[in-house]
Amino acid sequence: MPRVTPDLFSILHDPKATEVLIKLYKAALGQVPKMILHFLPKVFKMLGKGIDWKTENEAYFNDKYIPIHPAQGAFLYLQARALNAKNILELGTSYGISTIYLAKAAKDNGGKVTSTEYLPHKIKAARKNLEDAGLSEYAEILEGDARETLKNINTSFDLVLLDGWPDLVFPVFKLIEPNLKKGAVIIIDDVEGFQPSMQNYLDYARNPANGYLSDTIKLKKAVEYTVKI
Ligand SMILES: C[S@@+](CC[C@H](N)C(=O)[O-])C[C@H]1O[C@@H](n2cnc3c(N)ncnc32)[C@H](O)[C@@H]1O
């Protein structure tokens with residue numbers, strides 16, 4: 001993660017959101033040294049095929065931000081604008097970092113992001129962060145386990161970010177699959193590091209017979225991504 005400076009968030013053209021994101025990313029960065037120690041014994045596995053989430057102690061992550069990278073945030077925002085996504089779904093609100101990017105895109109597209117999270121203290125903090133960013137009215141946070149909160153949802157989504165625990169990717173994807181619009185884009189975080197936990201999803205989404213095209217995108221060399229709005 002680079003040094004947290006306002007230019008990281010320039011794509012949003014939103015001073016309030018930028019101020020909140022700077023505060024949140026600084027707090028997230030403060031947790032990194034301890035997290036490096038946590039993952040140090042598993043680093044070779046993570047760099048190889050990745051680790052299985054089942055071996056993780058979930059409670060360890062209760063107060064962790066574990067946000068998307070600002071470059072992923074910029075990509076998500078641009079992608080949402082490119083699709084003119086009006087209905088955006090997110091699993092894994094945490095403290096609201098990715099939700100802020102998506103809510104800003106929803107605002108600019110005239111839409112809304114629906115996010116879901118099951119830890120009450122994170123939900124409370126995320127709502128406050130969205131409010132401070134001036135984006136509350138563009139984001140709804142469904143409280144509870146995504147496998148319940150998304151059960152009877154009847155919105156059709158243009159863009160989905162699955163960033164909950166890695167082993168939830170496929171079950172939650174199958175749950176919301178009937179709600180995907182034609183041309184919908186689904187973005188999965190942590191495919192690097194936790195691939196074994198989402199191999200079932202990758203096998204499914206990478207098989208065109210199931211109606212999807214899917215690949216891991218790793219932008220090794222910088223590209224300028226421009227969207228005509
Ligand atoms: C990697 S973090 C999300 C980070 C966030 N997207 C961001 O960029 O700041 C994953 C979040 O998913 C939440 N989560 C995990 N399993 C869940 C479930 N079954 N239902 C709802 N939320 C869940 C966790 O509590 C955690 O806050």
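Trainee: In what order do the five strands form the open sheet?
Mentor: First, some ground rules. This is a predicted model, where local features need pLDDT of at least 70 and side-chain atom pairs count only at pLDDT 80 or more, while totals for chains, interfaces and linings use all residues. Residues are numbered from 1 along each chain as its sequence is written, and side-chain values use heavy atoms, with hydrogens and water left out. Now the general idea: strands of a sheet pair through backbone hydrogen bonds, either parallel or antiparallel. Here the order is E3-E2-E1-E4-E5, and the pairing is parallel. Strands (E, at least two residues) and helices (H or I, at least four) are DSSP runs numbered from the N terminus, and two strands pair if DSSP finds at least two bridges between them.

Trainee: Which strands stand at the edges?
Mentor: Strand E3 (139–143) and E5 do; each has a single partner strand, so one side of each is left without a neighbour in the sheet.

Trainee: How many bridges join E1 to E2?
Mentor: Five, and the two run parallel. For instance, Glu-90 has Ser-115 in E2 as its bridge partner. Five bridges also join E4 (residues 157–162) to E5 (residues 180–188), with Phe-157 partnered by Leu-180 in E5.

Trainee: Now the ligand. How many residues surround it?
Mentor: There are 24, and Gly-92, Ser-98, Glu-117, Ala-146 and Asp-163 are the closest. A residue counts as near if one of its heavy atoms lies within 4 Å. Strand E1 (87–91), helix H5 (97–109), strand E2 (112–117) and helix H7 (146–149) each supply at least two residues of that shell.
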